[in-house]
Amino acid sequence: MRKFEGYYRGINLGGWISQCCHEIEHYDTFIVEDDIKEIASWGVDHIRVPMDYNLIETEEGERIEENYKYLDKCLEWCEKYNLNMILDLHKTAGYVFDDLEYSKDFFHDEALQERFLNLWDDLASRYAAKYADRLALELLNEIVDPNVAKEWNALAKKAMLVIRKYSKDVKILVGGINYNNVLSVQQLDPPIDENIVYNFHCYDPQIFTHQSAYWQDFMPAGFHCDYPLTIDEYIQLAKDNNFPEGSTDHFRYPGVTKMDSTFFDAIFTTAIAHAEKYDVPLYCGEYGVIDQAPLAGTVNWYKDIHEAFERHQIGRAAWTYKKMDFGLTQEHVAPVKDELLKYL
C-alpha cells in the first residue's frame with residue numbers, strides 16, 4: 001500500500017464554504033490568510049476544504065463566477081505557506097450527507113447525476129491540470145445509503161473520467177458507502193489508474209466522539225462518557241442509555257477487548273487489505289472528538305488513532321480547524337491543544 005505523499009497530516013476547514021450560511025460576509029471572515037498561516041505553523045502538510053455546490057452554483061445551475069475567488073485565494077495561501085490542498089465536494093445539487101429526504105433521489109435521477117458530473121467538469125477544467133502537483137480532488141462526501149455501492153461505484157468512475165479529460169496526474173479521492181465508513185472501503189471498485197486514493201472517515205466509537213451531539217437522534221442529551229473504557233463497558237453504557245439496537249455491534253472484533261490503538265488496527269484491517277491488493281494509498285478524511293467530551297479522554301483518543309495511522313502510514317485530516325463543535329481552536333480544548341497537535 002502506497003503512502004499518500006504530501007497528504008499525510010492535515011486539518012479540515014469545515015464550516016467555511018460548506019455547512020454554513022452561504023453569504024459573502026461569512027466567506028470573507030470565517031477563514032482568512034492568517035488562519036492558513038497558523039495551520040502551517042502546526043507542522044501539517046495539507047488542508048482539506050469541504051465545499052458546497054452553493055458556493056459556485058445557483059439553485060438553477062448557473063455558475064457564480066465571482067465566488068471561485070475563494071478557491072483561488074485558498075490555493076494561493078496554501079502555496080505561500082507550503083501546504084497542499086484537498087477540494088472535497090461536500091454537497092452537490094440533490095445530495096448531501098445530513099439530509100436523507102433531500103438526497104433520496106440522487107442515485108436514481110439522471111439529471112441530478114449529470115449536474116454532478118458537469119460540476120466536476122467545470123472544477124477540473126479550472127484546477128486539475130494547473131494545480132495537479134499540490135491539489136487533490138474528492139468526489140463526494142459521505143455516501144450514506146448502504147444499498148447503493150454499485151450505483152456509487154458507477155457514478156464515481158464517470159466522475160473520474162471527466163476529471164481525467166483535464167489531468168492524468170491529479171489525485172482523486174473516493175470513499176465508500178454507509179457514511180464513508182472504513183468497513184466500506186472493501187466495496188470500492190479497483191482503481192482506474194495509479195492516481196486514485198481510497199478515502200474513509202473514522203469517529204469510532206461514536207458513543208465517545210459524538211457524546212451529547214444534538215444533531216444525532218440516537219444520542220441522549222447530556223450523555224457523557226470517557227475514553228478509554230473496555231468494549232463491554234461501552235456496550236453496557238449504550239444499553240443503559242437506550243441507544244438503538246445494533247449501534248455497538250461493530251465494536252466486537254476477535255481478540256479485541258479494550259479501546260486502544262489496537263482497536264483502530266482492527267477496524268482498519270479490511271480497508272488496508274483492499275488498498276494493499278491494488279497498491280492504492282489509504283486516507284482518512286475526517287476524524288475527531290466533539291467539544292462535549294472530557295479533555296483527558298480526547299487526548300487519549302487522538303493518541304490511539306494517531307498511533308494506528310502511523311503504524312499503517314495512513315494519511316489523514318482532523319475534523320476540524322474552527323468551531324463546528326469539533327474545532328481545535330475552540331476555547332474548550334485550549335488546555336490540551338498543544339498536546340492534541342502532536343497527534344495530528
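1. Basis. In this predicted model, local features need pLDDT of at least 70 and side-chain atom pairs count only at pLDDT 80 or more, while totals for chains, interfaces and linings use all residues. Residues are numbered from 1 along each chain as its sequence is written, and side-chain values use heavy atoms, with hydrogens and water left out.

2. Salt bridges in total. The whole structure holds 20 salt bridges. The term stands for a side-chain nitrogen of Lys or Arg within 4 Å of a carboxyl oxygen of Asp or Glu.

3. R126 and E65. These two side chains form a salt bridge, with N to O at 2.7 Å. The pair joins distant parts of the chain, 61 residues apart: R126 belongs to helix α5 (residues 110-127), and E65 to the loop between β2 (46-52) and α3 (68-80). Helices (H or I, at least four residues) and strands (E, at least two) are DSSP runs, numbered from the N terminus. R126 is partly exposed at 27% relative accessibility, and E65 is partly exposed at 44%. Here buried means under 20% relative accessible area, exposed over 50%, and partly exposed in between (1.4 Å probe, protein chains only).

4. The network. R126 and E65 also belong to a network of salt bridges that links them with E57, R63, R115 and D122.

5. E101 and K104. Their side chains meet in a salt bridge at 4.0 Å, N to O. E101 is exposed, with a relative accessible area of 58%, whereas K104 is partly exposed at 46%.

6. K258 and D260. The closest N and O atoms of this salt bridge are 3.7 Å apart. K258 is partly exposed at 48%, but D260 is buried at 17%.

7. The largest pocket. Its space comes to about 1200 Å³. On a 1 Å grid over the protein atoms alone, a pocket is an open set of points where a 1.4 Å probe fits, with protein on both sides within 12 Å along at least five of seven lines; lining residues have an atom within 4 Å of a point. Grid points are joined across faces, edges and corners, and the volume is the space filled by probe spheres set on them.

8. The lining. There are 36 lining residues, and Y179, Q206, H210, Q216 and F218 lie nearest the pocket's centre. At least two lining residues come from each of α7 (177-180), β7 (196-202) and α8 (206-209). By class, 17 are nonpolar, 13 polar and six charged. Ala, Val, Leu, Ile, Met, Phe, Trp, Tyr, Cys and Pro count as nonpolar, Asp, Glu, Lys and Arg as charged, and the others, Gly among them, as polar.
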